[in-house]
Amino acid sequence: MRKIAVLTDSTCDIPPELQQKYGIDILPFVITLDGVSYTERQDFDFDEYYGMLRAAEGVPSTAHITAMQFCEQYAGYVDAGYTDVLHVTINSTGSATYDAAVMAQGLLREERPEHKLRIHLVDSHTYSFVYGKPVCEAARKLKNGAEVEYVVAELEKEFACQEIVLSAFSLKQMKKSGRISAAAAFAGELLGLRPVITLIDGVTKVESKVRGDAAVPAAMIRLVRQRMAGPDEDFEYMLGTTDIENVKDLEKLCRKEFGHGPAEVFKLGAAVASNTGPDAMAITYRGAARR
């Protein structure tokens, strides 16, 4: 009889009620803001963190989960009699978290040389609830008796086509994080330009720039329309947001354009907002399969 754990990191932005419902283990990122270190999902909620970002003098930094932390988690599963762990991580090209998980498997072999734990490590290639929702679905399937190998294959298929279109109304964090160049951020702030950005397989690309906040939702939708896979009736999308009012306009335009509302409207967590800033919104959807 297999005993399976589901593990991910706090950038998944899975709401606490879904984490509890599906029994998902989430290891937190540490975020340092103005010289003070905070633990995501423990020291503040999303809305509190947006306020902290706006009031901060500096720009936050995030620390990935270490190999030793993952090894301790894996060892706990061994000691508790688990046979398998499904471990889904934040995009590997944007964080060292995946590499730390790989290293942790070697550490576990040193600490528990006789262990039989099967670690199914999956790189989400993306961020936030874009992988958090599939992790919840995977946990649901496992609870209902699905084979872990089947669930892993389904996750890989899902992550091979997920895309994000994003825009931010404050460019300070994006400049500091390297998501856009300092020159582009300066020009944007000076001229009121807003970038429309894709995040695909961990690669960030500024696709266009529009003048003024009001022009952003339509520009985002045009880009999604160009890239979306399948007919409108099969098109599923989600909206990610901080606590800005603009997402209401985006949702209204999306309903008009696609003929139905989003599958979810979710809040961008602290680790994501640390890079986008506290005034950002995104459309997430399935594009053409890339792997």
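The model is a prediction, in which local features need pLDDT of at least 70 and side-chain atom pairs count only at pLDDT 80 or more, while totals for chains, interfaces and linings use all residues. Residues are numbered from 1 along each chain as its sequence is written, and side-chain values use heavy atoms, with hydrogens and water left out.

Let me begin with helix H4, residues 97-111, where helices are DSSP runs of H or I with at least four residues, and strands are runs of E with at least two, numbered from the N terminus. H4 has 15 residues and reaches 20 Å from its first C-alpha to its last, close to the 21 Å expected, that expectation being 1.5 Å times one less than the number of residues. Thr97, Ala100, Ala101, Ala104 and Leu108 are buried in H4, buried meaning under 20% relative accessible area and exposed over 50%, with partly exposed in between, for a 1.4 Å probe and protein chains only. Seen down the axis, these buried residues fall within an arc of 100°, so they line one face of the helix; the arc is that of the directions from the helix axis to the C-beta atoms. The face turned away from the buried side carries the exposed residues Met103, Arg109 and Glu110.

Turning to the rings, the structure holds 9 aromatic pairs, a pair being rings of Phe, Tyr or Trp (its six-membered ring) with centres within 6.5 Å, stacked under 30 degrees between planes, edge-to-face over 60 and tilted for the rest. Phenylalanine 235 and phenylalanine 258 have ring centres 4.7 Å apart and planes at 50°, so the pair is tilted. Both phenylalanine 235 and phenylalanine 258 are buried.
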